[in-house]
Amino acid sequence: MKFEFLVEERKLTGVSTGQRTIGVIAGSGIYPETFIAAARKRRVRLIVAAFKGETKDKLAEQVDVFDWFRVGQLGGIIKFFKKHGVEEAIMVGQIAPRNLFDLWPDMRTLKVLHSVKRRNAESLFGGIAAEFSKDGIELLQATTFLEDQLATEGDIFGPKLSERGREDVAFGYSIVKQTSALDIGQSIVVRHGTVLAVEAFEGTDACIQRGGELGNGKDVTLVKVSKPDQDMRFDVPVIGPRTIESCCEAGVKTIAVEAGRTLILGRDQVEKLCREAKVSLVGVG
């Protein structure tokens, strides 16, 4: 079967004079634009593979080359990157879980799907990285140019935690490190030593909502961590303004993230939201 790409290429001239070229596989959220802004400061030439229904259109105005693809068109993205001299690439942003069940796989994607024993994020992304490597494209760490956006240990934004709050953070951290090791999820919602919700395929926002409802929006804590031996090229934990908004809507008053392994994007807005809503953001581990 022949699959057609939805391709719309836009080229901007005079945007970057740097010699380094990076291919960007851009999903949704604030992550892609944050990376692009950081890369631009370093005069990097950017070639972006975007996904309909996920990637923001406005990114096309900020990069050198911008094409649309369907989720699952791995071979097409590799050809696109090779055409534009890409030898380094990075994955930034999310793909909605519903779209992962609506794939338009090409032959290279089917090869990855058939080669992995377990269809979890680590195995699938590892297979994708191997396919890129065959064509001489190295996948960079997802924190490239964003190291200063990693969470630090201790109180970050919002009110300082009470002793009860710190106990819940420690409890939640001990549990979610185990669930993440089992590929169940990287986030957990707890209240007073009780697990209210564990993230699975539905994603962090849905986990937050369910946990907040079960905790009646009182003294509810979200803990988000990386997996043990996390491959920092993909699936790195991210906190942004939308996370804080979801917590505010659900009544979650404490957010704990793993220091040194979680990106906090849109920091000014995150700080503002935490201050106004009196949400505590802390780094642990």
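What percentage of the 285 residues of the protein chain count as buried?

1. **The chain as a whole.** Please keep in mind that you are looking at a predicted model. Of the 285 residues in the protein chain, 51% count as buried. The chain has nine helices and 14 strands. If you take the contacts with a separation of 6 or more, residues 24 or more positions apart account for 75% of them.

2. Strands of a sheet pair through backbone hydrogen bonds, and they can do so in parallel or antiparallel fashion.

3. Strand E12 (residues 252-258) and strand E14 (residues 280-284) run parallel and are joined by five bridges.

4. **H7 against H8.** Two packed helices are described by the angle between their axes and the distance between the axes. For helix H7 (residues 204-214) and helix H8 (residues 241-250), the angle is about 20° and the axes are 8 Å apart. That angle makes H7 roughly parallel to H8, and their crossing is right-handed. On the H7 side you will find Asp-205, Ile-208, Gln-209 and Gly-212, which meet Arg-242, Thr-243, Ser-246, Cys-247 and Ala-250 in H8. Sorted by class, this contact has three nonpolar, four polar and two charged residues.

5. **What is buried in H8, and what covers it?** The buried residues of H8 are Pro-241, Thr-243, Ile-244, Ser-246, Cys-247 and Ala-250. Their cover includes H7, E10, strand E11 (238-239), E12 and helix H9 (267-277). Just after H8 comes Gly-251, with a positive phi of about 85°.

6. Val-238 lies in strand E11. Its relative accessible area is 23%, so Val-238 is partly exposed. Apart from neighbours within four places in sequence, Val-238 is in contact with Tyr-31, Lys-224, Thr-243, Thr-262, Leu-263 and Leu-265. Val-238 and Thr-262 are 24 residues apart along the chain, yet their C-alpha atoms are separated by 5.6 Å.

7. **H2 against H4.** Which way do these two helices lie to each other, parallel or oblique? The axes of helix H2 (residues 74-83) and helix H4 (residues 107-115) come within 5 Å and cross at roughly 125°. H2 and H4 are therefore oblique to each other. Leu-74, Gly-75 and Ile-78 of H2 make the contact with Arg-108, Thr-109 and Val-112 of H4. By class, three nonpolar, two polar and one charged residues take part in the contact of H2 with H4.

Methods: Residues are numbered from 1 along each chain as its sequence is written. This is a predicted model: local features need pLDDT of at least 70, side-chain atom pairs count only at pLDDT 80 or more; totals for chains, interfaces and linings use all residues. Side-chain values use heavy atoms; hydrogens and water are left out. Axes are lines fitted to C-alpha atoms, for helices over the stretch in contact, and angles run from 0 to 180 degrees between N-to-C directions. Helices (H or I, at least four residues) and strands (E, at least two) are DSSP runs, numbered from the N terminus. Angles under 35 degrees count as roughly parallel, over 145 as roughly antiparallel, 65 to 115 as roughly perpendicular and the rest as oblique. A crossing is left-handed if the near helix is turned anticlockwise from the far one by less than a right angle, and right-handed if clockwise. Contact means heavy atoms within 4.5 Å. Ala, Val, Leu, Ile, Met, Phe, Trp, Tyr, Cys and Pro count as nonpolar, Asp, Glu, Lys and Arg as charged, and the others, Gly among them, as polar. Two strands pair if DSSP finds at least two bridges between them. Buried means under 20% relative accessible area, exposed over 50%, partly exposed in between (1.4 Å probe, protein chains only).
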